[in-house]
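Trainee: Could you take one part of this model and walk me through it slowly? I'd like to look at the salt bridges.

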Number of protein chains: 2
Amino acid sequence: MTDQEWKIDRYSGIPLHKQIEDFIKRKIIHGEWTVGTKLPSQRALAARFQVNRSTVVEAMGELYAQGLVEGKTGGGTKVCNNTWSLLSAYASLDWNSYVKKGSYHPNFSIIQKINREEFNEEIIRLGTGELSKDLLPVSKMESVIKKMSFSKVALGYEEPKGNIILRQTVSKHLERYDIQASPSNILIVSGALQALQLVSFGLLKKGSIVLAESPSYLHSIKFFQSGGTQVIGVPMDKDGVKTSLLRQYKQQLSTDLLYTIPSFHNPTGITMSEARRKELQKLCREEQLPMIEDDVYRDLWLDDPPPPPLKSKDKEGNILYVGSLSKTASPGLRVGWIIGPEPVIERLADIKMQTDYGTSALSQSIAAEWLSEGYYDEHLKVIRSALKRRREKALQLLQTYFGGSAHWTIPAGGFYIWITFPKEIRVHELFEKALKRNVLINPGNIYDPAASSCIRFSYAYSSMQDLEKGIKVLAEIMEELGGSR
Amino acid sequence: MTDQEWKIDRYSGIPLHKQIEDFIKRKIIHGEWTVGTKLPSQRALAARFQVNRSTVVEAMGELYAQGLVEGKTGGGTKVCNNTWSLLSAYASLDWNSYVKKGSYHPNFSIIQKINREEFNEEIIRLGTGELSKDLLPVSKMESVIKKMSFSKVALGYEEPKGNIILRQTVSKHLERYDIQASPSNILIVSGALQALQLVSFGLLKKGSIVLAESPSYLHSIKFFQSGGTQVIGVPMDKDGVKTSLLRQYKQQLSTDLLYTIPSFHNPTGITMSEARRKELQKLCREEQLPMIEDDVYRDLWLDDPPPPPLKSKDKEGNILYVGSLSKTASPGLRVGWIIGPEPVIERLADIKMQTDYGTSALSQSIAAEWLSEGYYDEHLKVIRSALKRRREKALQLLQTYFGGSAHWTIPAGGFYIWITFPKEIRVHELFEKALKRNVLINPGNIYDPAASSCIRFSYAYSSMQDLEKGIKVLAEIMEELGGSR
């Protein structure tokens, strides 16, 4: 809620409290903080401006006196007026009522908090599902871009399904996984998340039921619920989702879709065994259960390649297959794809056109180069060896600090380790206490409401030193909370 | 519905009908054309493969005989089986029922058709709201990119509201229009359309009413309706939306929002006069009617700059202001912004994170360079003089070919002329007949259901020669249809 640019000027001769008062007045006067806007707490303001709390108290006192803000007991301080509305006698709009009105559910407040805190430079991020900045192919990407010839296409709008050269490239790329898809069966999306959103808008109606692994990344996103779809979790074991249970769920509930991440699952790191894949495929055929196969981590295997994608055996067109460059090259490109039967792809493409008129054409051109010119495989090698080292280090650290108390999955690839702490540990407490010590974790209950003693740990993002520091902080907090080893 | 890559091989020795049969079989076998998929018409297939219709008939005969397709009278030919489902005795999924189920409305079929036909190279596009490819700043953009230093940020995820450097740049950029907005009041979006989608999801609930000019671009997009919002048109005159009527609408209907394009309106080209702007602003204040000001065409003035944005006089924070680089630089970048009070911007940013995790970081970095390094203004000069020439030419041509019959608006900037033909001309007929002659128009009833004798004409996209050719074709068709001069 604060303007990141503005700083107190300690040499201006204007008293600090006056500078703060004026800053807040400007926000109110320009309509940036409208009537009803809740101000940050005095503590937060003091930290923001790097002043004593008494300075903030003084500034606020002035604003109260001028009738610009009001404080309700317990409810914090709110803007209650602005000079123009005082002058014009027209009350200002209460946008806050609009903000509450929209049909779209807000993100979990904890995810909103994570989204914000992630850009705090001092934070150690133990759950972030991204490659470390050191592993982003900056110089390779730069050379791709600087070598590219700028066709005019890259600046204009693209076809509804996406740049044809990229779709041809993806089609060819998929052959390595034994997936046959022609360019007309491929829709380019702005990351895998958008593919899921399009499915939610385009193929599911209010009251639909989607099954997913429990825990699952899918539980952490809200637009299925916003559209009136229910997401129901099906338990997993070390070989993936339990197909016997899945069949019961399907038979007892009128299920529309299964969402699965068979390889290097988010958030557990589990890879579905070949036998389980066969069972799942058989089940889906017999039960007429269509599937979304989210396979964005496939190429991040660290020991051996995972079994072939479910999609490679899908002759009936039951599976929508999702891939992306975000996990292996650059999340900033925002390029992914979804593969499926033509009527489905055309429907999704139409919705995408309504949504954003297509993905950045520039990103698409770069992605095509990246996939076709060997950069993809070259960079994968770099990532794999780095992730391997990181995984070893993380597993060692967990053993050292949590060996006697917690237990965890051992992933064969991807980014994630699913850690289960003793029951005494409540993950929301752990989250808050860790955040106070500048360590950010992803609580398990984002991915499964019942997983209140688990976290998703990622060894991909933070530096080795920070991983160690962060884990040490967690261990200390655990001791405090009584869940020590 | 066809695979753009595949071509008949006339030298292979395999009969053409056999090649077509095999092609279609492959589509069915790989699950790309699932059971229930409607095949293109025989005529379309013949055109697609560049063969005689009898060749297609022969191929289809085989597929019928093998039980793979079936034809319902009048309903076209559909895939009714596939070899695997024959073998496995499991019926294949009917994805088509899913496609019909989603809560999201499909685009108008005519817009879907336009979206597809636009990528047909032979088509002359008379309605396209984009700069001609010649006017895209290819070499300038290339030099921006090649000079850029690739910070690591450009490859990672960005903050929820967007790249901070871009937001600071936009904040500075807006000062030239007398708009005060701090970076925390700016959300970067993937084009202006996405801003509208976020508003629809985030601020409006089922049953909301949005007013817009009639005609309006807003009527051509479907997600407001998909979310259960009603869009109601308020008539315009040469000075913009009629405020007297607007007040009545607002008082009689419980209206949530007004959407307006005050400068170089899409699709009419009308610019709201200064007096009308004042009236509108007063009305909105008095009636507590919040507004979206879509100002993406502002800098494309050809005679004089338009009056200042409504937002520049908005001290109450009643207005959400939308801008974009798509109309002045590159639609392919997919970069726009929305400005408003902080609670609103934070709500929209949260939904954006749920939707696509942010706009292409690369596009954002490029946009920041483009806006801050003088490229923006330099390129505007180029565009303005070209558009000015194009506008003169278009007005001349209209006078020559439609002088006695139709009438039209004369825009002071932007891309659009709104042409009203005599009542006898039904625009859907005009559309179909023109398309047969490779001329694509944007029928008026996309923008106002009652405007069935109007079109949105754009002088921005096609070459001068094509503009002339296209207008001539329209004139000839009009003569046929009995609406001649």
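Trainee: Let's start with A:Glu346: does it count as buried, partly exposed or exposed, and at what relative accessibility?

Mentor: Keep in mind that this is a predicted model. A:Glu346 counts as partly exposed, with a relative accessibility of 25%. Its salt-bridge partner is A:Lys161, and the closest N and O atoms of the two are 3.2 Å apart. That pair links distant parts of the chain: A:Glu346 sits in helix H13 (residues 342–356) of chain A, while A:Lys161 is in the loop between H7 and helix H8 (164–175), 185 residues apart. A:Lys161 counts as buried, at 12% relative accessibility, because the cut-off for buried is under 20%.

Now set a local pair beside that one. A:Glu142 and A:Lys146 form a salt bridge too, with 3.1 Å between the closest N and O atoms. These two are four residues apart in helix H7 (residues 138–147) of chain A, so about one helical turn separates them. As a general point, an α-helix has 3.6 residues a turn, so residues three or four places apart point the same way.

A:Arg276 belongs to helix H12 (residues 274–287) of chain A and A:Asp237 to strand S6 (residues 230–237), so the bridge ties together parts that are 39 residues apart in sequence. Here the arginine, A:Arg276, is buried at 10% relative accessibility, whereas A:Asp237 is partly exposed at 27%.

Salt bridges also join up into a network, one that links A:Arg247, A:Lys282, A:Glu286 and A:Glu287. Over all chains, the whole structure has 50 salt bridges.

What about bridges from chain to chain? Between chain B and chain A the count is two. In one of them, the side chains of A:Glu342 and B:Lys27 meet at 3.2 Å, N to O. On the side of chain B that touches chain A, helix H13 (residues 342–356) of chain B gives the largest share, eleven residues. Polar contacts between the two chains come to 35 residue pairs. The contact takes 115 residues from each of chain A and chain B, and together the chains bury about 10600 Å², 57% of it on carbon and sulfur atoms.

Note on methods:
Residues are numbered from 1 along each chain as its sequence is written. Chains are lettered from A and ligands numbered from 1 in the order in which they are written. This is a predicted model: local features need pLDDT of at least 70, side-chain atom pairs count only at pLDDT 80 or more; totals for chains, interfaces and linings use all residues. Side-chain values use heavy atoms; hydrogens and water are left out. Contact means heavy atoms within 4.5 Å. Buried area is the accessible area (1.4 Å probe) that two parts lose on being put together, summed over both. A salt bridge is a side-chain nitrogen of Lys or Arg within 4 Å of a carboxyl oxygen of Asp or Glu. A polar contact is a pair of N or O atoms within 3.5 Å; within protein, one must be able to donate a hydrogen and the other to accept it, and residues adjacent in sequence count only if both atoms are side-chain atoms. Buried means under 20% relative accessible area, exposed over 50%, partly exposed in between (1.4 Å probe, protein chains only).
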